[in-house]
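Below is a short report on one protein model. It takes salt bridges to begin with, then strands, sheet and cores.

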Amino acid sequence: MVGETILHYKIIEKIGEGGMGVVYKAQDTKLDRIVALKFLPDDVIREEEAKERFIREAKSASKLDHQNICHIHAVEETEDGKLFISMAYYEGDTLQEVIDKGPMKLDEALTITNQVADGLNEAHSKGVIHRDIKPSNIMLTDRGQVKIMDFGLAKSIAGSKATKAGTT
């Protein structure tokens, strides 16, 4: 996909991959800004339940306007059925990458913990439970700000069940 233009996004580079998506850095040519695009993987794009969960992720996260939560711009679908979320792009490292480099100072760890707790508190106050908080889903920007990412397993307190009985 690198080098392709999808809708009004020019794909620059692949920046990540997980069970529910492949993430690319892209240029939004309409608004002239860098964004991150999370695409539903090709192997699950035909599963209606996966598409519904992906859209639910976008809806859950888009309700949240907080300094410690990744900002969602849009959920889009191409003519050929590729589904993706457009979100803010942040320069920095995941908390997992920081941890892998070695021990943190206590004050740094407490600052990160407080920002994560503040973001989760905001999500909970809006009825959204993240359900997948882990170091790889927490971005530390170059400005020292925490951004909670990947609401793929999020559940709305008022919404329907996001997982089937007997599954995790």
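Glu122 and Lys126 form a salt bridge, with their closest N and O atoms 3.1 Å apart. A salt bridge here is a side-chain nitrogen of Lys or Arg within 4 Å of a carboxyl oxygen of Asp or Glu. Glu122 is buried at a relative accessible area of 17%. Lys126 is partly exposed at 43%. Buried means under 20% relative accessible area, exposed means over 50%, and partly exposed lies in between (1.4 Å probe, protein chains only).

The model is predicted: local features need pLDDT of at least 70, side-chain atom pairs count only at pLDDT 80 or more, and totals for chains, interfaces and linings use all residues. Residues are numbered from 1 along each chain as its sequence is written, and side-chain values use heavy atoms, with hydrogens and water left out.

**Salt bridges**

The structure holds 8 salt bridges. Three of them are tabulated here.

| Pair | N to O distance | Relative accessibility |
|---|---|---|
| Glu122 and Lys126 | 3.1 Å | Glu122 17%, Lys126 43% |
| Lys101 and Asp93 | 3.1 Å | Lys101 64%, Asp93 28% |
| Glu91 and Lys25 | 4.0 Å | Glu91 42%, Lys25 15% |

The pair Glu91 and Lys25 links distant parts of the chain, 66 residues apart. Glu91 sits in the loop between strand 6 and strand 7 (92-94), and Lys25 in strand 3 (residues 21-28). Glu91 is partly exposed, whereas Lys25 is buried. A network of salt bridges links Glu13, Lys25 and Glu91.

Helices (H or I, at least four residues) and strands (E, at least two) are DSSP runs, numbered from the N terminus. Strand 6 (residues 83-88) has 6 of its 6 residues buried, so it is largely enclosed by the rest of the structure. Strands pair here if DSSP finds at least two bridges between them. Strand 6 pairs with strand 4 (residues 33-39) in the antiparallel sense, over 5 bridges. Strand 5 (residues 72-77) is also joined to strand 6 by 5 bridges, and these two run antiparallel.

Ile85 is the bridge partner of Lys38. Ile85 is also the bridge partner of Val75. Strand 5 and strand 6 form a hairpin with 5 residues between them. In the turn, Gly81 has a positive phi of about 90°.

**Around Asp150**

Lys38 also meets Asp150: their side chains make a polar contact at 3.0 Å. A polar contact is a pair of N or O atoms within 3.5 Å; within protein, one must be able to donate a hydrogen and the other to accept it, and residues adjacent in sequence count only if both atoms are side-chain atoms. Asp150 lies in the loop between strand 10 (146-148) and strand 11 (155-156). Asp150 is partly exposed, at a relative accessible area of 29%. Leaving aside neighbours within four places in sequence, Asp150 is in contact (heavy atoms within 4.5 Å) with Lys38, Glu57, His130 and Asn137. Asp150 and Ala58 are 92 residues apart in sequence, but 9.3 Å apart in space, C-alpha to C-alpha.

Three strands make an open sheet in the order 7-9-10, with antiparallel pairing. Strand 7 and strand 10 are the edge strands, each pairing on one side only. The twist averages 25° from one strand to the next. Strand 7 and strand 9 (residues 138-141) are joined by 3 bridges. Thr94 stands opposite Met139 of strand 9. Helix 3 (residues 106-125) packs on the sheet and touches strand 9 and strand 10. The direction of helix 3 makes about 40° with that of strand 10. Axes are lines fitted to C-alpha atoms, for helices over the stretch in contact, and angles run from 0 to 180 degrees between N-to-C directions.

**Nonpolar cores**

A nonpolar core is a set of buried Ala, Val, Leu, Ile, Met, Phe, Trp, Tyr and Cys residues joined through side-chain atoms within 4.5 Å. The largest has 30 residues, of which Val116, Leu140 and Phe151 touch the most other members. Contributors of at least two residues each include helix 1 (48-62), strand 6, helix 2 (95-100) and helix 3. Apart from this core lies another of 10 residues, among them Ile11, Val22, Ala26 and Phe39.
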